[in-house]
Amino acid sequence: MVLDEVLSDRKTLEENFGRIVKGMAYPYGPTDERVMGLLKSAGIVYSRVVTGTREFSLPDNWLEWHPTCHHNLPDMDNLIERFLTDKPIRDAKLFYIWRHSYEFTDNDNWEVIEKIAEKLSSRDDVFYATNMEICKAVENFKRLEFSADGKMVYNPSAQTVWATMRGMLAFKIEPLESVKLD
């Protein structure tokens, strides 16, 4: 039944929006290994749960993607400030805020998300992306190939990959391009 429902929903959404649908959110948030296996077989690449971590880590499992927080978190300003000022130790940081669009209308609080967007927007040090764009960017980064001496990196993917390595400023590696690391 789960597989039929997911495939039916995918077909309907793809027909209505003219796009391939590869992601979703779990109804009410919970999941288990059985459901994640079914989603994978239905072509789903990522799925969000509802439990916020208040952290900025990338997901270990795209099919059990924990967001940072819900948009109406009482201390959102502090979390935004932490995101913008804390430097990542190793991995990239991800600030994932979730909300159902109907909640803005039901609660008449569009100004809350507008305030959040204002604080996070127009920055050249933040990558703004959809869930699928984030998945693809991370997976393409993982596919980078390094020379034996670590002085060259090759991007085998069809998309540009941005990286920061060895204290260098962020740089891009075009599809099928090799870059020397100084």
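Select L3 and show what lies around it: leaving out residues up to four places away in sequence, L3 touches L38, S41 and A42, where contact means heavy atoms within 4.5 Å. L3 sits in helix 1; helices here are DSSP runs of H or I with at least four residues, strands are runs of E with at least two, and both are numbered from the N terminus. With a relative accessible area of 29%, L3 is partly exposed. On this scale buried means under 20% relative accessible area, exposed means over 50%, and partly exposed lies in between, with a 1.4 Å probe and protein chains only.

The model is predicted: local features need pLDDT of at least 70 and side-chain atom pairs count only at pLDDT 80 or more, while totals for chains, interfaces and linings use all residues. Residues are numbered from 1 along each chain as its sequence is written, and side-chain values use heavy atoms, with hydrogens and water left out.

Next, draw a C-alpha to C-alpha distance from L3 to L39. The two are 36 residues apart in sequence and 7.0 Å apart in space. Repeat this from V6, also in helix 1: V6 and L39 are 33 residues apart in sequence, and their C-alpha atoms are 7.4 Å apart. V6 counts as buried, at 12% relative accessibility. Not counting residues up to four places away in sequence, V6 touches M24, L39, A42 and I44.

Now select helix 2, residues 33-41, and colour V35, M36 and L39, which are buried. Look down the axis of helix 2: the buried residues fall within an arc of 100°, so they line one face. The arc is taken from the directions from the helix axis to the C-beta atoms. An α-helix has 3.6 residues a turn, so residues three or four places apart point the same way. Turn to the face away from the buried side to find the exposed residues E33, R34, K40 and S41.

What do the buried residues of helix 2 pack against? Their partners are helix 1 (2-17), strand 1 (23-25) and strand 2.

Just after helix 2, G43 takes a positive phi of about 85°.

Move on to S47 in strand 2, residues 46-48. Is S47 buried or exposed? S47 is buried, with a relative accessible area of 0%. Its side chain reaches the backbone oxygen of M24 at 3.3 Å. Leaving aside neighbours within four places in sequence, the contacts of S47 include L39 of helix 2, M24, A25, Y26 and W62.

Finally, zoom out to the whole protein chain. The chain has six helices and nine strands, and its C-alpha atoms fill a box of roughly 55 × 40 × 30 Å along the principal axes. Of the 182 residues, 32% are buried. Among contacts with a separation of 6 or more, 41% join residues 24 or more positions apart.

Note on methods. A polar contact is a pair of N or O atoms within 3.5 Å; within protein, one must be able to donate a hydrogen and the other to accept it, and residues adjacent in sequence count only if both atoms are side-chain atoms.
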